[in-house]
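The following report concerns the structure shown below.

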Amino acid sequence: MNSLFRKIKDYVIFSPTAQENDFKLKNKSNDIEYDVRDEKTETTANDTVSKSYEENISYVRNRFNVPINNDIVIRELVLKEGRKAFIVFIDGMVSTDMVDLAIIKTLIEIPYFSDDKIYSYETEIIDRFIAHSQAITTNSMDTIFEEVNFGGCAVFVDGFSKGFSLDVREWGTRSIGKPENEQSIYGPQEAFAEMLRNNTALVRKIIKSEKLIAEGIKIGSVSKTRGVMLYISDIANSDMVDEVRRRLNSINTQYVIAIEEVAMMLEDKTFSLTSHIFATERPDRAARALTEGRVVLILNGSPRALIMPTNAFELTHAVSDDYLRVPYANMSRIIRMLAMFLSILLPGLYLAITLFHQEIIPTYLLYSISAARENVPFSSIVELLLMDISFEMIREAGIRMPNPIGSTLGIVGGLILGQAAVSAKIVSPIMIIIIAITGIGSFATSDYSLSWGYRILRLAFIALAAVMGFYGIAIGIFIYSLYVAKQTSFGVPYLSPIPKVNNRSMTNSIFENPIWKKEHRPDFLKTKKNTEEPKISRNWKIKKNTR
């Protein structure tokens with residue numbers, strides 16, 4: 001074990017004798033515990049830094065379970081005139097060059113100071129000698145350990161009743177790449193990564209304003225996952241910011257791994273088929289939401305940001321709409337809306353027509369459908385459910401397979417399996433066409449989380465169509481409309497701005513407006529500044545007319 005520690009760092013010093021005196025190893029029911037024998041260590045049980053060097057280092061070793069934790073590095077130092085000090089950090093989470101040059105080297109070179117100047121040097125050791133940009137002084141052990149667990153380095157000096165925490169974090173990170181789920185030919189091609197400060201920097205690179213507030217938060221009593229709540233102070237509604245802050249501070253859990261877990265704790269309706277919080281992996285989309293007066297949440301370790309609040313219309317918008325010319329963007333929106341309705345209603349409509357309303361089908365088409373289904377042994381309901389479930393299985397398998405195998409699986413499942421089913425007369429060719437169009441429509445949905453709700457809705461409309469035909473579909477649409485109209489997202493109606501038909505935001509919710517016509521922010525957000533752009537933003541038009 002000692003040889004392993006020497007391989008990690010040549011300058012790590014552990015004292016086996018001291019460890020044996022300070023700790024007693026117990027093995028009860030395969031659980032390993034450490035008990036402190038020394039009474040001096042018990043005086044630091046209140047989690048405050050002691051003036052005693054021995055008490056502090058014993059407390060640190062006990063709390064970090066040294067030497068069981070082999071990545072905890074404790075480096076003992078002897079300053080000038082024999083004063084002792086030690087530093088503690090987690091190997092692999094810090095920059096060793098910064099530890100060597102900015103901490104160890106400067107500590108060793110601190111000039112002699114007498115006992116009557118100890119208290120003044122508790123602050124001067126940071127102000128004058130530690131060559132590091134980010135450093136804090138505290139007497140709380142909890143604060144110091146939290147910083148160490150987040151990649152910091154703690155410094156303890158004999159005779160000082162305060163400890164020092166230095167931000168020297170440097171761990172392996174994924175570089176900034178292209179968006180994977182929100183791809184666009186036009187616009188920026190940067191995506192969020194897992195590093196918190198890199199993500200906030202991507203947003204600040206777009207919004208260069210001191211009014212952009214990055215308010216720090218911590219979620220999880222054990223994990224203490226860090227994040228930031230972004231908003232523009234002179235635009236965002238104060239009540240909305242307070243509501244988001246209240247919900248974040250009210251989360252009582254031990255561990256938070258990903259931002260999707262936080263979203264499920266913040267949303268108004270847990271069992272809603274559609275999300276009340278929009279998740280994006282694009283910094284430009286988050287920045288645009290901030291300029292509209294919304295609140296954005298970024299969490300360390302998650303490559304996505306949450307945008308609050310949102311509504312039903314914004315979930316259907318694609319990021320490319322803002323960068324396309326108006327005719328192209330509106331055509332794209334119309335196609336996506338058509339695809340959305342087909343993915344939800346097409347199987348149910350087909351079932352209702354074939355079971356209850358055959359009279360609306362042209363005669364020759366009716367003959368063709370009857371001939372295709374002549375030798376199929378299953379009813380239309382069983383046939384439709386069989387193909388829909390098979391398609392969902394292929395989709396789920398393709399998502400969880402590596403990319404080369406996933407594309408092959410799509411070809412095998414979509415072409416070979418479908419053709420084999422038709423040849424075996426298990427399903428009819430018209431059913432293959434219905435399922436294919438439905439699947440393409442679901443893939444055309446701009447937001448991936450929204451497609452999950454459409455898949456559940458499709459099954460509900462299939463069941464209603466099988467029982468009551470068109471009447472069942474109409475009743476289902478009516479009930480779902482009432483259900484969605486009742487929902488809110490952080491106090492904002494989910495169908496905004498439909499309640500105000502004459503609202504300026506209504507047009508842009510359905511169709512894309514030219515950028516020079518986006519003069520006002522959405523009224524339902526009740527921002528501090530409703531005007532986003534001047535009424536005339538193309539001044540060259542005025543100059544041309546005045547000539």
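## Aromatic pairs

In this predicted model, phenylalanine 164 has a relative accessible area of 2% and is therefore buried. Phenylalanine 160 is likewise buried, at 0%. A search of the whole structure gives eight aromatic pairs. The rings of phenylalanine 160 and phenylalanine 164 have centres 6.2 Å apart and planes at 75°, so their arrangement is edge-to-face.

Tyrosine 480 and tyrosine 483 also form an aromatic pair, which is tilted, with 6.3 Å between the centres and 35° between the planes. These two tyrosines are three residues apart in helix α18 (residues 470–485) and are therefore separated by about one helical turn. Tyrosine 480 has a relative accessibility of 22%, so it counts as partly exposed; tyrosine 483 is partly exposed at 35%.

## Aromatic cluster and charges over rings

Tyr53, Phe86 and Phe156 make up one aromatic cluster.

Two arginines lie over phenylalanine rings. Arginine 63 is placed over the face of phenylalanine 145, 4.4 Å from the ring centre. The charged end of arginine 226 sits over the ring of phenylalanine 150, at 4.2 Å from its centre.

## The five-stranded sheet

Five strands form an open sheet in the order β3-β4-β6-β7-β5, and their pairing is antiparallel. At the edges are β3 (72–78) and β5 (135–138), each of which pairs on one side only. On average, neighbouring strands are turned by 20° against each other, direction ignored. Within the sheet, strand β4 (residues 84–90) and strand β6 (residues 152–157) run antiparallel and are joined by four bridges. Valine 88 stands opposite alanine 154 in β6.

Helix α4 (residues 53–63) packs on the sheet, where it touches β3, β4 and β6; its direction makes about 15° with that of β4. Helix α5 (residues 96–108) lies across β3, β4, β6 and β7 (163–167) and runs at about 165° to β4.

In soluble globular proteins, nonpolar side chains tend to be buried together. The largest nonpolar core here contains 44 residues, and the members touching the most others are Leu230, Leu290, Val296 and Ile298. Helix α12 (residues 326–355) supplies the largest share of this core, with seven residues.

Leaving aside residues up to four places away in sequence, valine 296 touches Val228, Met229, Leu230, Ala286, Leu290, Ala305, Leu306 and Ile307.

Terms used
Residues numbered from 1 in each chain as written. Predicted model: local features only at pLDDT ≥ 70, side-chain atom pairs only at ≥ 80, totals over all residues. Heavy atoms only, no water. Core = buried A, V, L, I, M, F, W, Y, C linked by side-chain atoms within 4.5 Å. Buried < 20%, exposed > 50% of the residue type's maximum accessible area, 1.4 Å probe, protein only. Contact = heavy atoms within 4.5 Å. Phe/Tyr/Trp six-rings, centres within 6.5 Å; stacked < 30°, edge-to-face > 60°. Lys NZ or Arg CZ within 6 Å of the ring centre and 35° of its normal. Pairing = 2+ DSSP bridges. Axes fitted to C-alpha atoms, helices over the stretch in contact; angles between N-to-C directions.
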